[in-house]
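Hello,

Here is the structure I promised to hand over. My notes on it follow below.

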Number of protein chains: 2
Amino acid sequence: MTLLRILEYAHDLLKNTISKGDIVIDGTCGNGHDTAFLAQLVGSEGFVYGFDLQSQAITNTSSRVAQHGMDNRVELFHTSHSNLNKLIAEEHKGKIQGAIYNLGYLPGSDKTVITTPEETVSSLQQLIELLNHGGMAVVVVYHGHPGGEEEKHAVVSFAESLNQTHYEVLKYQFINQQNSPPFILAIEKKPE
Amino acid sequence: MTLLRILEYAHDLLKNTISKGDIVIDGTCGNGHDTAFLAQLVGSEGFVYGFDLQSQAITNTSSRVAQHGMDNRVELFHTSHSNLNKLIAEEHKGKIQGAIYNLGYLPGSDKTVITTPEETVSSLQQLIELLNHGGMAVVVVYHGHPGGEEEKHAVVSFAESLNQTHYEVLKYQFINQQNSPPFILAIEKKPE
């Protein structure tokens, strides 16, 4: 395969955007794979903020980053990513180099603990303000679950509405697949 | 910019797909830039078939590849790419490793000499049959001109309908830009 699959492409974008020492965000820790990936990219001088509504996700992520000896560069919050702006340190605002959100359910998790489309859009609005110029938010949109279509429409509308003077918004999607496969929205904040 | 622009991404895909000695197609020669790019990728052992409805495009492309001393590996046809299957040598059928189509008008060209959406879809249908397994067709869809929307819909519908068992179809599109910017459809034929 020459075409990168969705998760490969998401990681490729993050690798090309993030360097050692950077400050980044995992909006949806889930099982902690992306949090650990980000912690590796930023190195011991960087910092990762992680968020998840599910307590199991925070537990899993916490033990995963500890296993890799990276817990001192990761701070986890058991809350919605829509509380982003309140929880990011003042000195990191406007300096976030990269972020990843996986929108959808963590497999096997409590499906009653969910984020509303309004919260997700509010969170992304906060996120793009927090981004560094040249920084990027990578949003992987899973939308096959109940409520997924509604969230998808809200997020795509938000992304389409971003001012092209300040942001590049790419949609990366395989369009001939069954069963509502995920797609990527990548939002890059342009240089000043 | 970390996100590759449309033409950068199109060329990146071709570079990652095509090697020395390959047989490839430029469906829309235009000013000949892509034909020359392909001729370089396939090297002296490879071969490029080029098509264009506009005689000026064939003249420009012919002199461009001659300037670079690559005319012996390029064959140009002054006809629609919908005549593809008739003109490709039998021994090259099923062995085409890469192709590029730029759908839209050549700037400054005769706007009465156009391809219909039906011809374009027929051509792409022929093309994917001619592709090697692991080969790729990159279609850059310009659609801001009269008739462009109709062609866009026909081509996207065709691409969406391709069987996912045999083809991966990616849409790569910047979604927050004014003035109907072009987007990419990349069709990769899976290994047998």
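A:Lys93 is partly exposed, because its relative accessibility is 25%. Its side chain meets that of A:Glu90 in a salt bridge, 2.9 Å from N to O. A:Glu90 counts as exposed, at 60% relative accessibility. Bear in mind that this is a predicted model.

Chain B has a salt bridge between B:Glu90 and B:Lys93, with the closest N and O atoms 2.9 Å apart. B:Glu90 is exposed, at 59% relative accessibility. B:Lys93 is partly exposed, with a relative accessible area of 24%.

Now the bridges across chains. The side chains of A:Glu168 and B:Arg5 meet in a salt bridge of 3.5 Å, N to O. A:Glu168 sits in strand S6 of chain A (residues 167–174), and B:Arg5 sits in the segment before helix H1 (6–17) of chain B, so the pair joins two chains. B:Arg5 counts as partly exposed, at 42% relative accessibility. There is also a network of salt bridges that links A:Arg5, B:Glu168 and B:Lys190. Over all chains, the count comes to eight salt bridges.

One residue deserves a separate look. A:Glu151 is buried yet has no salt bridge. The nearest side chain of opposite charge belongs to A:Lys152, and it is 11 Å away. A:Glu151 lies in helix H6 of chain A, residues 148–160. What is A:Glu151 in contact with, leaving aside its neighbours within four places in sequence? The contacts are A:Leu103, A:Gly104, A:Thr115, A:Pro117 and A:Thr120.

On to chain A as a whole. Chain A has six helices and seven strands. Along the sequence they follow the pattern α-β-α-β-α-β-α-β-α-β-α-β-β. The radius of gyration of chain A is 16 Å, close to the 16 Å that the globule rule gives for 192 residues, so chain A is as compact as a globular protein of that length. Its C-alpha atoms fill a box of roughly 40 × 40 × 40 Å along the principal axes.

Buried residues make up 55% of the 192 residues in chain A. Among chain A contacts between residues at least 6 apart in sequence, 75% join residues at least 24 apart. Chain A exposes about 8,300 Å², and carbon and sulfur atoms supply 47% of that area. Chain A carries 13 positive and 22 negative side chains. The centres of these two sets lie 4 Å apart.

Best wishes

Conventions:
Residues numbered from 1 in each chain as written. Chains lettered and ligands numbered in written order. Predicted model: local features only at pLDDT ≥ 70, side-chain atom pairs only at ≥ 80, totals over all residues. Heavy atoms only, no water. Helix = DSSP H or I, 4+ residues; strand = E, 2+ residues; numbered from the N terminus. Rg over C-alpha atoms; globule rule 2.2 N^0.38 Å. Buried < 20%, exposed > 50% of the residue type's maximum accessible area, 1.4 Å probe, protein only. Contact = heavy atoms within 4.5 Å. Areas by Shrake-Rupley, 256 points an atom, 1.4 Å probe, with all protein chains shown as cover. Lys, Arg positive; Asp, Glu negative; His and termini not counted. Charge placed at Lys NZ, Arg CZ, Asp CG, Glu CD. Salt bridge = Lys/Arg side-chain N within 4 Å of Asp/Glu carboxyl O.
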